[in-house]
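Have the sequence and the coordinates open.

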Amino acid sequence: MKSPSVSVLIPAYNAAPFLSRSVASVLGQDFDDLEIVIVDDGSTDGSGEIADRMAAEDRRIRVVHQENRGLAEARRSGIKAAKADYICHLDADDELLPGAIAFLYDKCVSLNLDFAFGAMVRVTGEDSFKVLHPTEDVLDSDQYLHFLFDRRCMVAQGEYLCRRELWTDDIFPPSNKVLPSEDVLMNIRLSANVNRVGLYNRPVMKYYYVPTSLSATNRLSSMDNWETFFCLVEKNLRERGRLESLQQDLLCMKLDRLAFYIYPLDTSRPWIKDVLHDSRFKLSHRYAILQRLLRYPRLCHLCVVNNRRLKKLLKCLRT
């Protein structure tokens with residue numbers, strides 16, 4: 001039997017309320033030459049049973065069941081099970097927009113791209129808005145790495161289609177560690193394997209902000225985990241000879257994570273102290289203020305919380 005052209009990989013951990021919606025958005029694509037691989041990562045809410053029922057109804061769906069090993073290991077299992085040359089990672093609580101796969105696949109094949117990125121629509125409650133790239137362009141490996149840091153590595157999973165062969169085993173974090181921002185680390189590592197990356201401002205997915213997601217609850221965001229995360233990022237950049245040129249961008253990423261993902265913050269830790277007192281660069285106004293505020297964690301946390309409240313209030317007033 002001929003292998004499909006595209007494998008859509010959906011890791012699912014306790015995703016029962018959303019999984020059917022996500023799968024339906026793939027099955028509704030105007031691109032039939034695809035398969036869906038759902039990786040049930042030890043769910044306890046019936047997600048695995050939902051996936052099995054959908055697989056019984058549509059031969060394009062296959063299900064991999066495993067013990068809970070975290071998002072990165074679920075992605076690894078999906079890639080091993082995938083049969084297509086091109087893959088799309090889609091989180092179980094998000095969905096593809098109509099025509100997404102056909103658009104991205106055409107770009108990959110016609111322009112010989114390793115990655116083709118679309119834009120996304122972010123959905124928060126009743127509100128939604130487009131998140132676009134700063135430019136539409138084709139980037140080489142080094143340009144793509146800088147693009148990742150310009151965006152603080154905030155790359156949604158359903159935004160892109162890419163070659164499966166890029167996902168070598170060294171892309172994934174150590175299997176014995178569950179880290180915050182695993183997708184960020186994997187995207188940085190992946191940038192070493194690419195030659196051509198296309199950016200396009202056609203929305204191809206809906207990204208749903210879910211209050212119970214890992215990024216929202218920060219249940220993995222301990223200072224130890226973040227220290228390990230940044231050590232792995234720096235190791236990768238150093239081995240590629242890119243650390244020196246990206247030191248300032250890396251500092252800004254650290255400031256972002258310390259401000260928005262960790263509280264309470266222990267400013268006596270050596271690696272955190274180094275971040276808060278790094279004076280090598282002339283930082284933008286935003287990051288210069290953030291660096292000073294973080295030296296007073298309670299005040300910084302209060303400012304972050306009130307800033308979010310103010311933005312929400314202003315949005316309500318505008319509507």
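Where is N112 found? N112 sits in the loop between α4 (100-111) and β6 (115-124). Helices (H or I, at least four residues) and strands (E, at least two) are DSSP runs, numbered from the N terminus.

## Basis of the model

This is a predicted model: local features need pLDDT of at least 70, side-chain atom pairs count only at pLDDT 80 or more, and totals for chains, interfaces and linings use all residues. Residues are numbered from 1 along each chain as its sequence is written, and side-chain values use heavy atoms, with hydrogens and water left out.

## Backbone exceptions

Most residues other than glycine have a negative phi, and most peptide bonds are trans.

N112 has a positive phi of about 55° and is not a glycine. At 48% relative accessibility, N112 is partly exposed. The classes are buried (under 20% relative accessible area), exposed (over 50%) and partly exposed in between, with a 1.4 Å probe and protein chains only. N14 also has a positive phi, near 50°, and is not a glycine either. N14 lies in the loop between β1 (6-12) and α1 (19-27). Its relative accessible area is 27%, so N14 is partly exposed.

From Y263 to P264 the bond is cis, with omega near 0°. P264 belongs to the loop between α9 (247-261) and α10 (270-276).

## Overall shape

The chain has 12 helices and 10 strands. Its radius of gyration is 20 Å, close to the 20 Å that the globule rule gives for 319 residues, so the chain is as compact as a globular protein of that length. The radius is taken over C-alpha atoms, and the rule is 2.2 Å times the number of residues to the power 0.38. Along the principal axes, the C-alpha atoms fill a box of roughly 60 × 45 × 40 Å.

Of the 319 residues, 52% count as buried. The accessible surface comes to about 15700 Å². Carbon and sulfur atoms hold 50% of that surface. Areas come from the Shrake-Rupley method with a 1.4 Å probe; for residues, only the protein chains shown count as cover. Take the contacts (heavy atoms within 4.5 Å) with a separation of 6 or more: residues 24 or more positions apart account for 79% of them.

Which residues of helix α11 (residues 285-293) are buried? They are Y287, A288, L290, Q291 and L293. What covers them includes α9, α10 and α12 (297-318).

L276 is in helix α10. L276 is buried, with a relative accessible area of 1%. Leaving aside neighbours within four places in sequence, L276 is in contact with L255, L258, T267, Q291, L294 and R295. L276 and L294 are 18 residues apart in sequence and 6.9 Å apart in space, C-alpha to C-alpha. A259 is in helix α9 and is buried too, with a relative accessible area of 9%. Not counting residues up to four places away in sequence, A259 touches L290, L294, C300 and V304.

## A loop position: T135

T135 lies in the loop between β7 (127-131) and β8 (137-139). At 37% relative accessibility, T135 is partly exposed. T135 and Y200 are 65 residues apart in sequence, and their C-alpha atoms are 7.8 Å apart in space.

## The second largest pocket

The second largest pocket has a volume of about 290 Å³. On a 1 Å grid over the protein atoms alone, a pocket is an open set of points where a 1.4 Å probe fits, with protein on both sides within 12 Å along at least five of seven lines. Grid points are joined across faces, edges and corners, and the volume is the space filled by probe spheres set on the points.

Its lining residues (an atom within 4 Å of a point) include M1, K2, D32, D33, R59, R60 and K83. The lining divides into three nonpolar, one polar and eight charged residues. Here Ala, Val, Leu, Ile, Met, Phe, Trp, Tyr, Cys and Pro are nonpolar, Asp, Glu, Lys and Arg are charged, and the others, Gly among them, are polar.
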